[in-house]
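Student: I am new to this structure. Please take a close look at one part for me, the nonpolar surface patch, and then link it to what else can be seen.

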Amino acid sequence: MDGGTKNQSLKHFIAGQWIDAAGGATFEVLNPLDDSHYAYAAKGTGDDIVKAVAAAKAAFTSYKETTPTERERWLLRIAEIMEARQKDLVDCLIDEIGSPVKKAMFEFTKGLTMVRAAAGLCRNVRGETIPSDRPGTFSMSIREPLGVVAVITPFNVPLIKTTRLVANALAVGNTAVHLPSEMAPHLSLIFAEIVAEAGIPDGVYNVVTGMGAEIGDDLTSHKDIDFLTFTGSTVVGQHINEICAKNKTPNTLELGGKSPTIILADADLDKVMPLAARSVFMFAGQACIASSRFYVERPLYDEFVKRFSMIIGKLGMGDLRDPNTVIAPVISPRQRERIRNHIDDARAKGANVIGGKWEGNRCQPTLLTDVSEDMNVCRTETFGPVTAIYPIESYEEGLEKANDTEYGLSSAIFTKDIDKAFHFVRNSNAGMCHINGPTIHDEAHVPFGGNGESGVGREGTDADMEAMTELKWVTVQL
């Protein structure tokens, strides 16, 4: 029995077997385009989490002894099967979470890169020799896998997050228990099918589907979880961090953002405009690194707003399989209400709203000007196709306002002035800074993550290798 396909019942993947939830309960997964039925998925319980963690712990005993060649071969085989199942993965990204086809293809290609980069990581788990003050002593460090890694992934880029975090954990010798977003379970189960076909031993990768609010604590607080990685909201991340602190469980948290972009007077708007649009409207702004604040130096401000207004009127909202479609549906009723609240609150308090109308479950690209501190959208993450544009009188004012936030994920500056650009890099509070490029950017090997309320630690091949292994000091008296 496989993990199921569209309109079928999706099962857990535990110890290499497809199983129903304890008690047999299911929940419905909806297509966000029109809230139509997509699938039923096993509604996991605490017992299912216990079973999955036990399977991963049992598999770790032998998996940690596998060679780099074996793990490398498995991961490269996963990439091969992903390529063969491109249509399945892309269709799932379109129908389960509402990705326009270009975004789905972008994510598929990026996911392949994540797995292949992880395969290269297998041969890079290393320690070092260390000088010793004790005569005749050979001193060194070695790296060892931690054990069972808990992976909790979001709905917005489920393939990128699954491939990166699971593949990196497996590459360095850990096993994994994966709790995907309840809005994107099928994608992770297709990946589980691929992992199984690639020949990775039973129990090394396990997937439990269900409601994070109900069973998340069962996973994050389990005594046999040796490392945890979570991507999601700041509120949930703080809760998880408190649990991990109590249990002394190391973790990485990639959380929310209020990412700023500064545009100085010497910037080339012909080059800036398409990048600005991409940085906020890709997947309808449902991205933690989307640029939700633009600070534009006064000489360019009016022209920037004018050009941006013209661009958003041309962004396609048609069939998701049409390459010209850019704007995705908003994932859930709760998130749609949040976006409506931010737009309505801003309008009621005096903001100028360009766009902001709804077509079914899709919100038109929305620009806000004359935004004030008392508006919800000013400091709170919207997670939708909404951005605020503020005039600034100088670079210094832009830097000050860009840093005036509890978040610190991604940031960008557009300028020809290399001194100001690197001053921004050195003084931005964000964990990632892009010069003359959009805030939305990611690669497999970079240290991806943020500061402050945007998270703890970094993701990426090198960062995950360090986070998901531990050093052991070894001496030999010669």
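Tutor: Start with a definition: buried means under 20% relative accessible area, exposed means over 50%, and partly exposed lies in between. Keep in mind that this is a predicted model.

Now the patch. I418, F422, V425 and I435 make a nonpolar surface patch of about 330 Å². Helix α14, residues 418-427, gives the largest share of the patch, with three residues. I435 sits elsewhere, in strand β22, which covers residues 432-435. How does I435 count, buried or exposed, or partly exposed? Its relative accessibility is 30%, so I435 counts as partly exposed.

An α-helix has 3.6 residues a turn, so residues three or four places apart point the same way.

Take A15. Its phi is positive, about 55°, although A15 is not a glycine. A15 belongs to the loop between β2 (12-14) and β3 (17-19). With 32% relative accessibility, A15 counts as partly exposed.

Then take F383. Its phi is also positive, near 60°, and F383 is a residue other than glycine. The loop between α12 (376-379) and β19 (386-392) holds F383. Here the relative accessibility is 17%, so F383 counts as buried.

From the surface, go inside. The largest nonpolar core has 89 residues. Within this core, I78, M82, I263, F304 and F308 touch the most other members. Look at I263. Leaving out residues up to four places away in sequence, I263 touches L269, V272, F294, Y295, V296, E297, L300, F304 and F414.

Helix α5 runs over residues 158-171, which makes 14 residues. At 1.5 Å a residue, α5 should span 20 Å. Its end C-alpha atoms lie 19 Å apart, which agrees. Helix α5 is also mostly covered: 14 of its 14 residues are buried. Just after α5 comes G173, with a positive phi of about 105°.

Back to your patch, then.

How values were computed: Residues are numbered from 1 along each chain as its sequence is written. This is a predicted model: local features need pLDDT of at least 70, side-chain atom pairs count only at pLDDT 80 or more; totals for chains, interfaces and linings use all residues. Side-chain values use heavy atoms; hydrogens and water are left out. A nonpolar core is a set of buried Ala, Val, Leu, Ile, Met, Phe, Trp, Tyr and Cys residues joined through side-chain atoms within 4.5 Å. Buried means under 20% relative accessible area, exposed over 50%, partly exposed in between (1.4 Å probe, protein chains only). Contact means heavy atoms within 4.5 Å. Helices (H or I, at least four residues) and strands (E, at least two) are DSSP runs, numbered from the N terminus. The expected span of a helix is 1.5 Å times one less than its number of residues. Patches are made of residues with over 30% relative accessible area and no salt bridge: like charges are joined within 9 Å, nonpolar side chains (Val, Leu, Ile, Met, Phe, Trp, Tyr) within 5 Å. Accessible areas come from the Shrake-Rupley method with a 1.4 Å probe; for residues, only the protein chains shown count as cover. A salt bridge is a side-chain nitrogen of Lys or Arg within 4 Å of a carboxyl oxygen of Asp or Glu.
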